[in-house]
Amino acid sequence: MKYTWKNIPRYIRYVILQASYLFLFSVIFRLVFYFFFFKTTVTGTSPVLKAWYLGLKFDLRLTLILMVPVLIITLIWRNGFFHKTFLRRIAFWYFFIIYFVLILLYALDLGHYAYLALRIDPNISRFLLSGERADTASMLWQTYPVIRAFIGLLLFLFLVSRLLMTTYRRLANQPPKKITNWRFAGWATSVVLLFAAGIYGNFAYFPLRWSQAMFSRDNGITSLALNPILYLVSNLSVRNDTYDLKMTRKYYPVIAKYLAVDSPDVDKLNFVRTIAADPSRRKMNVVLVMLESTGACVTSMYGNPMQATPHMKSIADSGILFKHFYVPAISTARTVYGVTTGLPDIAMANTASRHPKMVDQRVVMDQFHGYEKYYLLGGNTNWANIRAIFTSNVEGVKIFEEGYYKAPKADVWGVSDYDLVTEADEIFRDAHQRNQPFIAFLQLADNHPPYTTTAGSGDFKKVTEKDIDMEKFKQAGFVSIDQFNALRYEDYNVGHLIDLARKGGYLENTVFIMFGDHNCALNPYHFMPIPEYELGSGGVHTTCFMYSPGNVQPAVVNQTTSLVDVYPTMATIVGMPVKNYTLGQNMLDSSRAGRYAFSTFVKNMQTYIAIMGDRYQYEINYATQESALYDLQGDPLKNIKLQQPDTAKALDNLTRAFYESTRYLMFNNKK
């Protein structure tokens, strides 16, 4: 072993030793946290061991990220690293500063956790605000052993300095080992690959992400699995997303009246509405099917000239079609967040699923008591940190993802939709045979570049330009034949799902609701009743239909509905008593007039927040705050804000009420 170690170039040994010291340093603080601060209500050792496993991977990632600059320097100068004084000084001061910052942050994290039972985040800066610094300083002085901590810090930095100098000198005093360029290339490649693997941190398509630490709803387990410094950095990237309590209270009466809140309270900002139990309702299974990139205008139910979705149309004709269904944003991750939490994802820096402070929500799906809960995705739930939306909010949810399925991956998005549907049916049949009701979120993905399609059961055939009417194709808005075939393939798999449910015997006891996550990129189209392409709303106007033979009577709902309404509607249909803390409502409640859907979209390269209703669309330019009112039953491209000031004012208040309430709830709807 000694011989092998000596054969490694000394500059690479230097990197390995310093990385080991840094990693050990993080592990020591993890041990301190575990033995002196860690508390959990979870029984059994398995969650704790998993938290340790993930935590050590995060610690290793932090270590290797911090070591990258040193690795680059040593690989550039090689043995010259030990003969140039300026390099020695750079390395020494770099590590000295790193250890100084790390020990301060780790100590701050432990104190913060002892005080609030939370890992540090950017909100800690509130203790340094003007007017609070004196109180904060007094609290620290009276609560913590400040002098002993300061002496301990100095002693630690002295020991670190000795370790840094001793390690450098011992290696510098060893004779340099000259190696060929080929051997150097081999060592360099090996070390770079090891660094990359350690930073990536996962045996999966997506890298290690903080959402994996949220596999449990227990705060102690999650805190043990996180690395506090990486968690802090992940929060820094989204710190501009916040809320305004004053503005929330200003518009609260508007949204409380619109939602028909049970007990409006502008001080407590109560949004709760109770959905009462209905014993007369059957305890049916519920399956949500997210249709990737399936806007309203591309489907057969809305008059698209190409009639690409005959299966969907047949199902919608036999069920309930929601003609004016809107999603809050053009993003798959935002749709998954929006439908699950009942809140539009209006995070500006990134999607809310990637925001550690926004994923902890009180959701309706969690309140389906007595139901097994499933989330099925053909790929990996590390994508966009989607895992956290479910594991943080839904007790006992079973996640089926890449690695579970028998079928091989078809492309970057995992197994094909056909294989996903086929294996989902096996899960649904098993629950049905056990007389176990279930609620499932099934996420299709193939109607998305690279537009992978398979032969399905052998009868799905792609079409070419020779097989279709190209004049109709141009009118339909599609940008390519591949895009058109992918939509046809999605429609094929929707038909496959319903066919399997019928054969499996659970169709009659299941209510399906299928909805698009957003529209796809299209060429201009003009066959829809309103010029939604020009208005900008076409991107968020998606298909939505419900199907349950014998339970749901065929109908067309013309009132405006929203993605955030899905779960409250499904709870009502199956008679499940829930408390609705979200902005969603029952899509089938015909007694509620004047319904609007809140959305954000980009038009002319500018972002707008807007509400769409049966007659009016009102929008506000996010940057300039200029607004416009359009009469969808009149001249829909003419701004009539000045002609109808009262309507404009009322809708301006409602738009801002949606926006401010959403911002508030994303941070304050925690369990």
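Contact here means that heavy atoms lie within 4.5 Å of each other, and helices (H or I, at least four residues) and strands (E, at least two) are DSSP runs numbered from the N terminus. The structure is a predicted model, in which local features need pLDDT of at least 70 and side-chain atom pairs count only at pLDDT 80 or more, whereas totals for chains, interfaces and linings use all residues. Residues are numbered from 1 along each chain as its sequence is written, and side-chain values use heavy atoms, with hydrogens and water left out.

We can begin with the helices. Two packed helices are described by the angle between their axes and the distance between the axes. The axes used here are lines fitted to C-alpha atoms, for helices over the stretch in contact, and the angles run from 0 to 180 degrees between N-to-C directions. Helix α14, residues 417-433, packs with helix α16, residues 481-504, at an angle of about 20°, and their axes are 10 Å apart. That angle makes α14 roughly parallel to α16, because angles under 35 degrees count as roughly parallel, over 145 as roughly antiparallel, 65 to 115 as roughly perpendicular and the rest as oblique. The crossing in which α14 passes α16 is right-handed; a crossing has this name if the near helix is turned clockwise from the far one by less than a right angle, and is left-handed if anticlockwise.

Which residues of α14 meet α16? From α14 come Asp417, Tyr418, Val421, Thr422, Asp425, Arg429 and His432, and the residues they meet in α16 include Tyr489, Tyr492, His496 and Leu500. The residues of this contact between α14 and α16 divide into seven nonpolar, five polar and four charged, where Ala, Val, Leu, Ile, Met, Phe, Trp, Tyr, Cys and Pro count as nonpolar, Asp, Glu, Lys and Arg as charged, and the others, Gly among them, as polar.

Helix α16 also packs with helix α11, residues 310-317, at an angle of about 45° and with the axes 7 Å apart, which makes α11 oblique to α16. In this contact Pro310, His311, Met312 and Ile315 of α11 meet residues of α16, among them Glu490, Tyr492 and Ile498, and by class the contact of α11 with α16 has six nonpolar, two polar and two charged residues.

Another helix pair is formed by α2, residues 10-36, and α3, residues 46-77, whose axes come within 9 Å and cross at roughly 145°. The crossing of α2 and α3 is right-handed, and the residues of their contact divide into 18 nonpolar, five polar and two charged.

We turn now to the sheets. Strands of a sheet pair through backbone hydrogen bonds, either parallel or antiparallel, and two strands are taken to pair if DSSP finds at least two bridges between them. Strand β15, residues 606-613, pairs with β14 in the antiparallel sense over eight bridges, and Ile609 in β15 stands opposite Thr600.

Another open sheet has three strands in the order β9-β4-β12, and its pairing is mixed. Here β9 (541-542) and β12 (561-562) are the edge strands, each of which pairs on one side only. Strand β4, residues 325-326, pairs with β12 in the parallel sense over two bridges, and Phe325 has Thr561 in β12 as its bridge partner.

Some details of single residues remain. A salt bridge is a side-chain nitrogen of Lys or Arg within 4 Å of a carboxyl oxygen of Asp or Glu, and by this rule the count comes to 19 salt bridges. One of them joins the side chains of Arg119 and Asp109, at 2.4 Å from N to O. Arg119 lies in the loop between α4 (85-116) and α5 (133-143) while Asp109 lies in helix α4, so the pair ties together parts that are ten residues apart in sequence.
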